[in-house]
Amino acid sequence: MQSELDTKVIVLAAGLLLLWALGLGVLKYRQMSTSADGTAHRYVDIAHRAALMYSFAALVLAVLAHFSAWSVPVDLTAASVVLLFFVGAIAGYTVHGIRRDTENQFVHPVAGTHVFMVALIIGEIGGTAVLVIGFAVGQFGTS
């Protein structure tokens, strides 16, 4: 049986993402309560929602890793790639929301935006696929 270190680390990451989401909720409330139209900046709202959704998505990753046939290092690497892109996305949304510098980060993207997006797509789908396959092999075998 695995040491379950992978599961523990991923669940901790999920908890930290949830705490971040709750903090972003405070920022969202602050912007709503001080704006003329009662709304937070678009990217503060996006960051808040993304952090909430990613915290629960991280729990799915933890369960997949827990029942995976792969080794702890493989599961941790796959999950870490996904989690790092979750964090990168939330951080980017948060920066745009605090700066109030854009309503759409793809209208006038900064250098590297599209490269980051391609890496995010490959990293998130690839890392999750590794965990899903590990789960399937661990639970249903290879036959």
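**Entry 1: the buried residues.** I began with H4 in this predicted model and asked which of its residues are buried. My list reads Thr113, Leu120, Gly123, Glu124, Gly127, Leu131 and Gly134. I kept a reminder beside it: an α-helix has 3.6 residues a turn, so residues three or four places apart point the same way. Next I looked up what the buried residues of H4 pack against, and found helix H2 (42–66) and helix H3 (72–99).

**Entry 2: the helix itself.** H4 runs over residues 113–140, 28 residues in total. From first C-alpha to last I noted 39 Å, close to the 40 Å expected at 1.5 Å a residue. Just after H4 I found Gly141 with a positive phi of about 75 degrees.

**Entry 3: the partner H2.** At what angle do H2 and H4 pack? I wrote down about 40 degrees, with the axes 8 Å apart. H2 brings Tyr54, Leu61, Leu64 and Ala65 to the contact, while H4 brings Glu124, Thr128, Leu131, Val132 and Phe135. Sorted by class, that contact has seven nonpolar residues, one polar and one charged.

**Entry 4: the largest pocket.** I then turned to the largest pocket, with a volume of about 420 Å³. It is lined by 21 residues, and the closest to its centre are Gly92, His96, Gln105, Val110 and Thr113. H3 and H4 are the elements that give two or more residues to the lining, and H3 has the largest share with seven. By class I noted 10 nonpolar, nine polar and two charged residues in the lining.

How values were computed:
Residues are numbered from 1 along each chain as its sequence is written. This is a predicted model: local features need pLDDT of at least 70, side-chain atom pairs count only at pLDDT 80 or more; totals for chains, interfaces and linings use all residues. Side-chain values use heavy atoms; hydrogens and water are left out. Helices (H or I, at least four residues) and strands (E, at least two) are DSSP runs, numbered from the N terminus. The expected span of a helix is 1.5 Å times one less than its number of residues. Buried means under 20% relative accessible area, exposed over 50%, partly exposed in between (1.4 Å probe, protein chains only). Contact means heavy atoms within 4.5 Å. Axes are lines fitted to C-alpha atoms, for helices over the stretch in contact, and angles run from 0 to 180 degrees between N-to-C directions. Ala, Val, Leu, Ile, Met, Phe, Trp, Tyr, Cys and Pro count as nonpolar, Asp, Glu, Lys and Arg as charged, and the others, Gly among them, as polar. On a 1 Å grid over the protein atoms alone, a cavity is a set of points where a 1.4 Å probe fits but cannot get out, and a pocket is an open set with protein on both sides within 12 Å along at least five of seven lines; lining residues have an atom within 4 Å of a point. Grid points are joined across faces, edges and corners, and a volume is the space filled by probe spheres set on the points.
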